Number of protein chains: 2
Amino acid sequence: MPCWLLRGVLFLSLPYRSRCASNGSGTLAGSAGDLVRLVAKGHGRSRAELARMSGMAPSSVSLRVEELIDAGLLREDGEGASRGGRRPRQLRLHENAGVVVAVDVGTHHVRMAVLDLGGRVLLERELPGDIAEGPERVSERLVEHLRMTLRQASVEQLPLLGVGIGMPGPVDPGAAKVVAPSRMPGWNEYPIGRRMSELLGVRVVVENDANLMAVGEHRYGWPDRDNLMAVKAGTGIGCGIIASGKLHRGRGAAGDISHVPVHVPEPVTCSCGHSDCLEAHASGAALQRTLRAQGIEVSSSRQLVELVNDGVPEVTTLVRNAGRLAGQVLTPLVNFFNPDVLVLGGGLSAAEPFVAAVRGAIYERCLPLATRDLEIATAVTGRDACMLGAGALVLDEVLAGDWVDDALSAR
Amino acid sequence: MPCWLLRGVLFLSLPYRSRCASNGSGTLAGSAGDLVRLVAKGHGRSRAELARMSGMAPSSVSLRVEELIDAGLLREDGEGASRGGRRPRQLRLHENAGVVVAVDVGTHHVRMAVLDLGGRVLLERELPGDIAEGPERVSERLVEHLRMTLRQASVEQLPLLGVGIGMPGPVDPGAAKVVAPSRMPGWNEYPIGRRMSELLGVRVVVENDANLMAVGEHRYGWPDRDNLMAVKAGTGIGCGIIASGKLHRGRGAAGDISHVPVHVPEPVTCSCGHSDCLEAHASGAALQRTLRAQGIEVSSSRQLVELVNDGVPEVTTLVRNAGRLAGQVLTPLVNFFNPDVLVLGGGLSAAEPFVAAVRGAIYERCLPLATRDLEIATAVTGRDACMLGAGALVLDEVLAGDWVDDALSAR
DNA sequence: CCATCTTTGTTCGGAATCGAAGTTTCATGT
DNA sequence: ACATGAAACTTCGATTCCGAACAAAGATGG
């Protein structure tokens, strides 16, 4: 309970406090919240390391850590390896401090995980679900599943501090809405974030799935590469961007590569009205359409990949061609953004010919300056990438808020 | 919210560091250097504003400002307009605190300016110069010109705190070298930064000219737009990127768009070995080559633009076509990066048909989500953009260093 | 013109933080 | 085994910084 209510004075005292805040951008820091953040991200595993990373005096760190332990936020966890002197007493977030839930809403499935505040997965589940059922129905089922998952993870008694949700379409993260989606009837402008927040009573963040893949891969796969592009090639094609270690949203729509024109012999009309969009020729949906015209019935990207792995030549050719087109689109973007890593994820990335074609196109045409030391890799976290990204994002949000201060003063 | 409510309110008693504040605009603060930075960037013009922006207590700001005034770094500058209460005593950097020099090295000219620490231009000069004379000769002449310019600006007795240099080719900013340039014989790997630093005895930063254009336009033209692309279309074609308010360098080569393939009927071999590079078809150099083949002798982008303004049809057609090609290349990049502003600079941007063609191509093919509210503008600072960017960059460097602390303790 | 409210900037006591010295614990080399 | 050095904390006085109250100066509105 906030202290300022003690005298019945309903007044938030913000003269100087409300603007201060911590350093979102990295290593220098200075408050209790920063220490918790450092521990949560694994950048500070002992008092000494926290002092080094935060810039605070070792004495101050010790005092502050003691408070955080007393408040039940941190706990000591044995001793680490000596680096030539006394062994560090390792610190970690207390497992009872709370949990968050990460949700990846796909077109035909929902993946969900319970994470502790350090980002470790406590329980993970895949559930059926059809986004075409509409937002009301889907949110209700999400809440049901979420409650059940929390029970199964035996963390009902712990505080649920936030929920992160990934959606397969453009998202306005401020309003926590899906905007102008192409394959999600009924979802336009639906305030999924507010609705879920009402139903659950916790903070909910919503983000596009490709952006979340970038966040997830950055955190769990390439933590020290600060410039990363993540391409999600599944039913649709999207791209998430990590610039200087942070998700780049631009004016809200950054990373859209679906409607970049490609060279193809026969035009296919896209939802945007043009006929040579990448998405209309190289997305999983486009490939399924083409195969159906050839009499090969395929209903999901996963099935598509199975056919490739079974060596069905028509399908393999099609998938390789899709990879080539994606690579052609990515080439200028790689030159322009010059990332450390290009991550390939989504259903199609499980097909080796797709990945090989993307690689080939990029190495063929990108500048040596851009491809030297460029890593092109499939998603380290595989099918979990988006979900883990949702977790990482909501964790950032929770740990950046005043949860730590509240917990300290509530004691 | 009336002030008198403050009385009798029970305040939260949190440790003071945790109340530090975020000023919302990403500028963090907490020390003397931060105050000077805020004043230098114009974000803090009075003690009260500094307190708000930095998160420090007003009392601390007052004490610190007093020290800075005593040290000769700041000075009071009259009173500002009242905002409903006492008038603020405005603060500015003391003009005697020091200067920096900004240099824009072009292929056939050198532009140079003396700036005070607030980024104001004290004196500006354009000098002849040919980059083909080679690095040794050019650096010597730069130093001569620089000394003369300092004399002319009557700031010889003031400390010269740094020099920023823009080069028309790829730059490794860490090593302060030009790397693998296409039109600068003898410059490859030449340590221009170290050489100038030896000759002048001050810190020297070196950066690519398109990057500097982005920095300059961001600082002087669009200070609150944090995502910006600046295209420099002159003899070559380059692009600088501001992401979240900071220059994005990627792994060092970000912003390269010279060698993105474009669709053209007749191939022209580029220095990179391909035949359909943007630079080989739409750069000033390429246009001059084409015109020469038609018997029209043109020796600079400026002359090219004059012919356009004179209404010479062959030239206008050519320039418009170059704009269309540039626009085609920029379209996916704008979708991808989703900037707030796209700045067009460099020689060709002075030709209206070029700008119109770029605009047309982008609006024709970019997503509405990306172009809604997108500003496409010619460089606010015109031909000075790169030079001013060099100044802004070296100022950032100087003010981020320990110059302030040194000056304080030297007293 | 006066009361009221704002904003700016300063004063001063008390609290939070620093930093140097000290303690504990371990690696390393002889 | 023992000295030496190094790293991880802790202690405690000195210093810095904060925050409330105050003072100065001006807008606003009847």
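## Chain A at a glance

Chain A holds 14 helices and 14 strands; helices (H or I, at least four residues) and strands (E, at least two) are DSSP runs, numbered from the N terminus. The radius of gyration of chain A is 23 Å, close to the 22 Å that the globule rule gives for 411 residues, so chain A is as compact as a globular protein of that length. That radius is taken over C-alpha atoms, and the globule rule is 2.2 Å times the number of residues to the power 0.38. The C-alpha trace of chain A spans about 70 × 50 × 40 Å along its principal axes.

This is a predicted model, in which local features need pLDDT of at least 70, side-chain atom pairs count only at pLDDT 80 or more, and totals for chains, interfaces and linings use all residues. Residues are numbered from 1 along each chain as its sequence is written, while chains are lettered from A and ligands numbered from 1 in the order in which they are written.

## Burial and core

Of the 411 residues in chain A, 51% are buried. A residue is buried if 20 or more other C-beta atoms lie within 10 Å of its own, exposed if 12 or fewer, and partly exposed in between, with C-beta atoms placed from the backbone.

The largest nonpolar core has 249 residues. Such a core is a set of buried Ala, Val, Leu, Ile, Met, Phe, Trp, Tyr and Cys residues joined through C-beta atoms within 7 Å. Val103(A), Ala326(A), Val103(B) and Ala326(B) have the most contacts inside it. Neighbours within four places in sequence aside, Ala326(A) is in contact (C-beta atoms, placed from the backbone, within 7 Å) with Val231(A), Ala233(A), Ile237(A), Leu278(A), Ala282(A) and Val358(A).

## Helix α4 of chain A

Helix α4(A) covers residues 135–152. Its buried residues are Pro135(A), Val138(A), Ser139(A), Leu142(A), Leu146(A), Thr149(A) and Leu150(A). They cover an arc of only 100° around the axis, which puts them on the same side of α4(A). The arc is that of the directions from the helix axis to the C-beta atoms.

These buried residues pack against β3, β4, β5, β6 and α5 of chain A. The face turned away from the buried side carries the exposed Glu136(A), Glu144(A) and Arg151(A).

## Positive phi

Just after α4(A), Ser154(A) takes a positive phi of about 55°. Asn338(A) also has a positive phi of about 55°, although it is not a glycine. Asn338(A) lies in the loop between α10 and β13 of chain A. Asn338(A) is buried, with 25 other C-beta atoms within 10 Å.

Definitions and conventions: Contact = placed C-beta atoms within 7 Å. Expected span 1.5 Å × (residues − 1).
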